[in-house]
Amino acid sequence: MPERRLTRRAVVATAVLVPGAAVLAGCKDDPSAGSGPSGTKGAVNGTTTSPGPATETPAADPAVVAALSAAATQVTQLSQLYTTASRKFPALRVQLAAGAKYHVTHLAKLKETPGVSAQPATAVALASSQVALATIAKQERAAATAHVAAAAKLSGAPARLLAEIAASETQLGYALTPAKNKAAS
């Protein structure tokens, strides 16, 4: 069997990654997991900086609450549109079931942030099942565009959540678009 030799690239990568991994392995995210007092000793004067009482919940950023509330309102409107179309056109229930389920899940995730609320939607008149599908597809694409724009203004978990919802809405919008309209776009 031939002898395997380490390449220079592998040695350098290992030399860089192993110490970093060792340092990170020693970090503790949970302040209650440590055996010492709460907080971290300061580098300059050795005083303890306390993270605050454990019962205190951080206040949500008003910009995040506003963006997530707007998204929750749009998701609620889409859910109501799915419900209306499913009730009026029972033949569409199977086709709309996945989208309706996704929107219920999205709304629950959005409302996990304290202060997020959704406004109810007004009823939309749907003349036929094809009009219903086209209307839902159009609303899905519009909501996806709005959520991408909102996600671009945020960072962290709220931005990821809005981006995930937008991706789902884009897929649903495409899946519900009638075949003749897909060829035109």
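Which residues of α5 are buried? In this predicted model, the buried residues of α5 are P158, A159, L161, L162, I165, A166, S168, E169, L172, G173 and L176. Buried denotes a relative accessible area under 20%, exposed over 50%, and partly exposed in between, with a 1.4 Å probe and protein chains only. Residues are numbered from 1 along each chain as its sequence is written. Because the model is predicted, local features need pLDDT of at least 70 and side-chain atom pairs count only at pLDDT 80 or more, while totals for chains, interfaces and linings use all residues; side-chain values use heavy atoms, with hydrogens and water left out.

The protein contains six helices and two strands, in the order α-β-β-α-α-α-α-α along the sequence. Helices (H or I, at least four residues) and strands (E, at least two) are DSSP runs numbered from the N terminus. The protein has 185 residues, of which 28% count as buried. Its accessible surface, computed by the Shrake-Rupley method with a 1.4 Å probe and, for residues, with only the protein chains shown as cover, comes to about 12,700 Å². Carbon and sulfur atoms hold 61% of that surface. Among contacts (heavy atoms within 4.5 Å) with a separation of 6 or more, 73% are between residues 24 or more positions apart.

The expected span of a helix is 1.5 Å times one less than its number of residues. Helix α5 covers residues 156–176, and its 21 residues should span 30 Å, in agreement with the 30 Å between its end C-alpha atoms. The buried residues of α5 pack against α2, α3 (93–110) and α4. Helix α4 should span 36 Å because it has 25 residues at 1.5 Å a residue, and its end C-alpha atoms are 36 Å apart, which agrees. Buried positions in α4 are A132, L133, I136, A137, E140, A143, A144, H147, A150 and A151, and these pack against α2, α3 and α5. Helix α3, with 18 residues, reaches 25 Å from its first C-alpha to its last, close to the 26 Å expected. In α3 the buried residues are L96, G99, H103, H106, L107 and L110, which pack against α2, α4 and α5.

L78 belongs to α2 and is buried, with a relative accessible area of 3%. Leaving aside residues up to four places away in sequence, L78 touches H103, I136, Q139, E140, A143 and E169. S79 and H103, 24 residues apart in sequence, have their C-alpha atoms 6.0 Å apart.

T73 is another residue of α2, and its relative accessibility of 15% counts as buried. T73 touches S117, A118 and Q119, residues up to four places away in sequence not being counted. The C-alpha atoms of T73 and A118 lie 4.3 Å apart, although the two residues are 45 residues apart in sequence. A67, in helix α2, is buried with a relative accessible area of 16%. A67 and L162 are 95 residues apart along the chain, and their C-alpha atoms are separated by 9.0 Å.

Pockets were also examined. Rolling a probe the size of a water molecule over the atoms shows where empty space is left. On a 1 Å grid over the protein atoms alone, a pocket is an open set of points where a 1.4 Å probe fits, with protein on both sides within 12 Å along at least five of seven lines; lining residues have an atom within 4 Å of a point. Grid points are joined across faces, edges and corners, and a volume is the space filled by probe spheres set on the points. The largest pocket has a volume of about 220 Å³. Its lining comprises 14 residues, with Q77, L78, L81, V124 and Q139 nearest its centre. Helices α2 (62–88) and α4 (129–153) each supply at least two lining residues, and α2 gives the largest share, six residues. By class, the lining has seven nonpolar, seven polar and no charged residues. Nonpolar covers Ala, Val, Leu, Ile, Met, Phe, Trp, Tyr, Cys and Pro; charged covers Asp, Glu, Lys and Arg; the others, Gly among them, are polar.
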